[in-house]
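Subject: Structure handover and notes

Hello,

Here is the structure you asked about. My notes follow below it, grouped by topic.

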Amino acid sequence: MGTTADTPHRITMTPAARRALAAAGRLFYERGIHAVGVDLIAAEAGVTKKTLYDRFGSKEQIVVEYLADRDERWRAFLGERLDVAGPDPRERVLTVFDASRAWATESSPKGCSMVNAHAEISDPAHPAHPVITGQKRWMLDLFTRLASDLAPDGAEGLARALMLLHEGALVAHGLGIFPDAIAQAREQARALLP
């Protein structure tokens with residue numbers, strides 16, 4: 001994968017790199033990116049620190065791979081659900097919320113990994129920053145495409161409202177402020193749909 005301003009450099013995964021990425025992903029999500037060092041990742045993955053640096057080059061690249069992997073898995077997860085959702089534009093929008101609820105239950109009990117990462121990585125110069133913002137831009141683009149099937153003249157406004165509901169629900173879910181925030185956001189989204 002080439003590198004542009006919006007596309008970070010990615011590495012080719014070896015079996016040791018995959019083990020390291022799996023360990024890093026679990027640790028970063030559970031404890032936070034800044035709280036986890038390469039020594040702990042190496043120990044959890046059963047590789048040496050040298051192997052980590054040989055494969056990834058830096059902790060920042062491990063973070064890039066962790067977030068890119070989460071993003072790729074989320075897009076595939078959502079894509080599968082949209083593929084079976086059928087053609088009804090209202091149902092397709094609600095499917096995004098249903099998929100997010102299922103993903104949050106299965107893979108993100110502590111909230112959105114991109115939102116959590118952004119709390120630690122807000123510097124646009126960090127190589128992981130484009131992964132974080134790219135994932136959210138992709139979600140807004142998705143909502144815009146879905147909204148254009150419902151309200152061609154008001155697609156941008158509807159998409160932004162849906163995005164705000166969706167992202168707010170992900171944050172509320174991660175904070176555990178009230179139960180089933182994503183289902184409640186889904187019902188608010190339903191009320192917005194023409």
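Which helices each supply at least two residues of the lining of the largest cavity? They are α4, α5, α6 (113-120), α7 (129-150) and α8. Before the details, please keep in mind that this is a predicted model.

Confidence

The pLDDT of the chain averages 94, and 96% of the residues score at least 70. Helix α3 (residues 49-56) has the lowest confidence, with a mean of 94, while α9 has the highest, at 98. Residues 1-5 have a pLDDT below 50, and this stretch makes seven contacts in the model beyond near neighbours in sequence.

The cavity

The structure has one cavity of 30 Å³ or more. The space in the largest cavity comes to about 190 Å³. Its lining is made of 17 residues, and those nearest the centre are Trp74, Trp103, Ser108, Cys112 and Leu170. Helix α8 contributes the most to this lining, with four residues.

In soluble globular proteins, nonpolar side chains tend to be buried together. Here the largest nonpolar core has 62 residues, and the members that touch the most others are Phe28, Leu52, Phe56 and Leu67. Helix α4 provides the largest share of this core, ten residues.

Leaving aside residues up to four places away in sequence, Phe28 touches Ile33, Val36, Ile41, Lys59, Ile62, Val63 and Tyr66.

Val131 sits in helix α7. Val131 counts as buried because its relative accessibility is 7%, and buried means under 20%. With residues up to four places away in sequence again left out, the contacts of Val131 are Pro8, Val64, Leu67, Ala68 and Met114. One of these, Val64, is 67 residues from Val131 in sequence, yet the two C-alpha atoms are 7.0 Å apart.

Is His126 buried or exposed? His126 is buried, because its relative accessible area is 18% and the cut-off for buried is under 20%. This residue is in the loop between α6 and α7. His126 touches Glu60, Val63 and Ile121, not counting residues up to four places away in sequence.

Glu167 belongs to helix α8. With a relative accessible area of 14%, Glu167 is buried as well. Apart from residues up to four places away in sequence, Glu167 has contacts with Val115 and Lys136.

Partly exposed residues

Ala76 is part of helix α4. Its relative accessible area is 40%, so Ala76 is partly exposed.

Ala85 falls in the loop between α4 (59-84) and α5 (89-107). The relative accessible area of Ala85 is 23%, and the residue is therefore partly exposed. Ala85 touches Glu91, Arg92 and Thr95, again without residues up to four places away in sequence. Ala85 and Val96 are eleven residues apart along the chain, and their C-alpha atoms are separated by 9.7 Å.

Where is Asp180? Asp180 is in the loop between α8 (155-175) and α9 (181-192). Its phi is near 55 degrees, which is a positive value in a residue other than glycine. Most residues other than glycine have a negative phi. Asp180 is partly exposed, because its relative accessibility is 35%.

Regards

Methods: Residues are numbered from 1 along each chain as its sequence is written. This is a predicted model: local features need pLDDT of at least 70, side-chain atom pairs count only at pLDDT 80 or more; totals for chains, interfaces and linings use all residues. Side-chain values use heavy atoms; hydrogens and water are left out. Buried means under 20% relative accessible area, exposed over 50%, partly exposed in between (1.4 Å probe, protein chains only). Contact means heavy atoms within 4.5 Å. On a 1 Å grid over the protein atoms alone, a cavity is a set of points where a 1.4 Å probe fits but cannot get out, and a pocket is an open set with protein on both sides within 12 Å along at least five of seven lines; lining residues have an atom within 4 Å of a point. Grid points are joined across faces, edges and corners, and a volume is the space filled by probe spheres set on the points. pLDDT is the predictor's confidence in each residue, from 0 to 100. A nonpolar core is a set of buried Ala, Val, Leu, Ile, Met, Phe, Trp, Tyr and Cys residues joined through side-chain atoms within 4.5 Å.
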